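The following report describes the local and overall features of the structure shown below.

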Amino acid sequence: MDEPEFSIEEAAEIASYVDAHLTGWTWPEMQRALIGAGVRAELADSVGQRLFGVETDDANEHDIESRIVAALRDWTVAPPVVEPPPPTVLVLAEPASTGRVPEDLPDIYDVEQLAHWLNFTVRELEWFADRGRWLRQAREPLRHYRVFRVEKRDGFRIIEAPKPRMRETQRRLLRRLIERIPAHPAARGFVRGSSTAAFAWPHTDRPVVLRVDLRHCFESIDARRVRRVFSGVGYSSAIARILTELCTTATPPDALRGLDPIHAGLLRERHLPQGAPTSPHLANLVLRGLDRRLAGFATRNDLRYTRYGDDLALSGDRMDADRVLWTVLRVVADEGFTVHPAKTRIMYAHQQQRLAGLVVNDRPQVSRADHDALRALLHNAIRTGGAAQNRDGHADFRAHVYGKIAWIGATSPARRDKLLDMASRVVW
């Protein structure tokens, strides 16, 4: 007789997680919660189907948890095949292609059809995909990206901004294809309707918060990983390759001078460009394996895990921070990424705990120092005009300031209203 895949304790932990994260009694929500708890996607389909018939009006919280535990305990290592109802949310498959593209996504079956779908001729499609990497050696006017540097304390951030036709093509891919593949529930950045506050809220008022930053995250995501995203949802090898080429680039040699050799080596190969509209969500999809593993680890150890871009956060009431960090470092390395040691923080309750610029000791909010600095800038701008306060040379200083107001206002409407009132009196 087959042994149950989950022990009673594991099943109870998963049930508790699902009950806490289930925002609606629907198939997608149940599936998302089970996967977030570390349950395999194929098992989540079958368990979700068993539970989907439970009506919320007829089941209290204890009943829901007990039904989840029973379903998980009944599941053996060699489960019977159960056909789930048609899902309304696409689950990212493993790298092996099923050969069937879900109905949520466009059915692109050959290169000519893909070119037509993007309003290209086949020759134009090959040009924008840079099939032969000709553009690495081309003169700047012929390239598809403008490359510039933003100085940081530990080097440079390389921004590769697509030119108008390439940018519009990538936006179309994002809207009509890439965004329809959902990220892991733990991903709180670059997801419609999410925010830095959503990333930070699970870690508020916690004795210990661990923050880990991935180094050169976009540059570390090479064409092979992106191609696995497209092939994993059913596209043929040829179509997955061209979609990948439209979303990745290799930085020209003249833009690599003076960079750290490791950073330059990553940029030299095809990678996700910072500045492309497709890159953030594709990064979320590539990082889905990392999210799944860390979310499962967090669930089994009564911790909370979220990610905002390249920032990872874990917290718990009884968390052995050194042990958790050791595990995170191993998982990150196994997934092919590296950690930025200077940005790794173990933050205790007696310290200021910051995630994505928000202080989370009590509730997510911008620090008083950051708020006061913006308030002082607006006060001076009212007297001298906005241009006089643009000391960093922002191309659109008004938009920059209003962006900061929106960032502060996301967690404090009262602060937002006062700052907006001050900004309305500035001569920009």
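N119 counts as exposed because its relative accessibility is 51%, above the cut-off of 50%. In this predicted model, N119 belongs to the loop that joins α5 (111-117) and α6 (122-129). Its phi is positive, near 60°, although N119 is a residue other than glycine. Most residues other than glycine have a negative phi.

F190 also has a positive phi, of about 60°, and is not a glycine. The loop between α7 (164-176) and α8 (196-200) holds F190. With a relative accessibility of 40%, F190 falls between the limits of 20% and 50% and therefore counts as partly exposed.

T278 is placed in the loop between α12 (261-268) and α13 (279-286). Its relative accessibility is 0%, so T278 counts as buried. Leaving aside residues up to four places away in sequence, T278 is in contact with Q170, L173, L174, I178 and C247.

| Residue | Relative accessibility | Class |
|---|---|---|
| N119 | 51% | exposed |
| F190 | 40% | partly exposed |
| T278 | 0% | buried |

Two packed helices are described by the angle between their axes and the distance between the axes. For helix α16 (residues 368-384) and helix α17 (residues 397-409), the axes come within 11 Å and cross at roughly 145°. This crossing of α16 and α17 is left-handed. From α16, the residues D370, H371, L374, L377 and L378 meet F397, V401, K404, I405, W407 and I408 of α17. Sorted by class, the residues in this contact are eight nonpolar, one polar and two charged.

Across the chain, the secondary structure amounts to 18 helices and 10 strands. Of the 428 residues, 47% are buried. Among contacts with a separation of 6 or more, 70% join residues 24 or more positions apart. The accessible surface comes to about 21,400 Å², and carbon and sulfur atoms contribute 50% of it.

The mean pLDDT of the chain is 84, with 82% of the residues at 70 or more. Confidence is highest in α13, at 97, and lowest in helix α4 (residues 61-74), at a mean of 62. Residues 53-62 have a pLDDT below 50, and this stretch makes eight contacts in the model beyond near neighbours in sequence. Residues 76-98 likewise have a pLDDT below 50, and this stretch has 53 such contacts.

Key: Residues are numbered from 1 along each chain as its sequence is written. This is a predicted model: local features need pLDDT of at least 70, side-chain atom pairs count only at pLDDT 80 or more; totals for chains, interfaces and linings use all residues. Side-chain values use heavy atoms; hydrogens and water are left out. Helices (H or I, at least four residues) and strands (E, at least two) are DSSP runs, numbered from the N terminus. Buried means under 20% relative accessible area, exposed over 50%, partly exposed in between (1.4 Å probe, protein chains only). Contact means heavy atoms within 4.5 Å. Accessible areas come from the Shrake-Rupley method with a 1.4 Å probe; for residues, only the protein chains shown count as cover. Axes are lines fitted to C-alpha atoms, for helices over the stretch in contact, and angles run from 0 to 180 degrees between N-to-C directions. A crossing is left-handed if the near helix is turned anticlockwise from the far one by less than a right angle, and right-handed if clockwise. Ala, Val, Leu, Ile, Met, Phe, Trp, Tyr, Cys and Pro count as nonpolar, Asp, Glu, Lys and Arg as charged, and the others, Gly among them, as polar. pLDDT is the predictor's confidence in each residue, from 0 to 100.
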